Amino acid sequence: MALLEILTWPDKRLAAKSTNVDQVDDEIRKLIDDMFETMYFAEGVGLAAPQVGVTKRIIVVDCGVRESEESSPLTAKEPLAIINPEVTIQDGKIAWEEGCLSVPGYTEEVERSAKVTVTGLDREGKPITIEAEGLLSVCLQHEIDHLEGVLFVDRLSRLKQEMAKKKLRKQMEEEARDRAV
Ligand code: NI
C-alpha cells in the first residue's frame, strides 16, 4: 500500500467530473487500498478518487458506523468502498458541520438530505445497496459530490463562500511565508 498526495483547494483537478469505472480489476482494488490508507493516515472519514488526482467514480468511507448501530438491513458494512456510487433515494433534511481533507482548516454547516440510499459496486464488482442516515448519509453525499467536481464550500451561500475563500487564501499565504523564512 502507499500513501497518496491529497489535492487541496483551489487545485482545478478537484473541479473535474469523474468517469465511471468499466472494469473492477486489481488496479482499481490497489487504488482503493491506497485511498483507505491515505484517508486513515489523514484522519478523515471519507475520501473520493479525484482528491488523489484520479478522476474515476470511486469513494471510500469509514464514519465508524457499525452493523449493530444500524436500524435497517444493509448489504454492506463500513468501512465501505463504493465504485460508481449513485444516490437513488433521498429523504428529509439535515444540517451538519462539514470539513474536507481537500479544504484543510475550514469547517461550515451544510444542509443535505437526512437519509439516502446509495447503490454501486463493491471492490469485487458486485452490486451493493447502502441505506444511511446521520453522519454516514452526510459523508456519502459529500464524497459523491467530489465525483461531480463539487466541494462542500460550493454548497454554501455566496457570502459564506467568499468568507471561506478569503480565510483559505490567508491560510495559504501564511503557510507560504512560514516556508520562506
Ligand atoms: Ni471532501
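**Close-up 1. Lys-17, out in the open, and its salt-bridge partner.** With a relative accessible area of 61%, Lys-17 is exposed. In this predicted model, its side chain meets that of Glu-148 in a salt bridge, with N to O at 3.2 Å. The two come from distant parts of the chain, 131 residues apart: Lys-17 belongs to the segment before helix H1 (26-41), while Glu-148 sits in the loop between helix H2 (134-147) and H3. Glu-148 is partly exposed, at a relative accessible area of 30%. This pair is a salt bridge, and the structure holds 13 of them.

**Close-up 2. Arg-155 reaches Asp-145.** Here the closest N and O atoms of the salt bridge are 2.6 Å apart. Arg-155 lies in the loop between H2 and H3 and Asp-145 in helix H2, so the contact ties together parts that are ten residues apart in sequence. The two ends sit in quite separate classes of cover: Asp-145 is buried, with a relative accessible area of 9%, whereas Arg-155 counts as partly exposed at 47%.

Close-up 3. Take a look at Asp-26, Arg-29, Asp-33, Arg-123 and Glu-124, which are linked in a network of salt bridges. One of the links joins Glu-124 to Arg-123, and their closest N and O atoms are 3.9 Å apart. Glu-124 counts as partly exposed because its relative accessibility is 48%. Arg-123 is partly exposed too, with a relative accessible area of 29%.

**Close-up 4. Strand E2, covered on both faces.** Strand E2 takes in residues 58-61. Ile-58 and Val-60 are buried on one side, and Ile-59 and Val-61 are buried on the other. Strand E1 (residues 46-48) runs antiparallel to E2 and is joined to it by three bridges; in this pairing, Gly-46 stands opposite Val-61. E2 also runs antiparallel to strand E3 (residues 80-91), this time with four bridges. Follow Ile-58 across to E3 and you land on its bridge partner, Ile-83.

**Close-up 5. A negative patch on the surface.** Glu-173, Glu-174, Glu-175 and Asp-178 form this one. Asp-178 lies in helix H3, which covers residues 158-180. Is Asp-178 buried or exposed? At 57% relative accessibility, Asp-178 counts as exposed, because the cut-off for that label is over 50%.

Note on methods: Residues numbered from 1 in each chain as written. Predicted model: local features only at pLDDT ≥ 70, side-chain atom pairs only at ≥ 80, totals over all residues. Heavy atoms only, no water. Patch = residues over 30% accessible without salt bridge, like charges linked within 9 Å, V, L, I, M, F, W, Y side chains within 5 Å. Areas by Shrake-Rupley, 256 points an atom, 1.4 Å probe, with all protein chains shown as cover. Salt bridge = Lys/Arg side-chain N within 4 Å of Asp/Glu carboxyl O. Lys, Arg positive; Asp, Glu negative; His and termini not counted. Charge placed at Lys NZ, Arg CZ, Asp CG, Glu CD. Buried < 20%, exposed > 50% of the residue type's maximum accessible area, 1.4 Å probe, protein only. Pairing = 2+ DSSP bridges.
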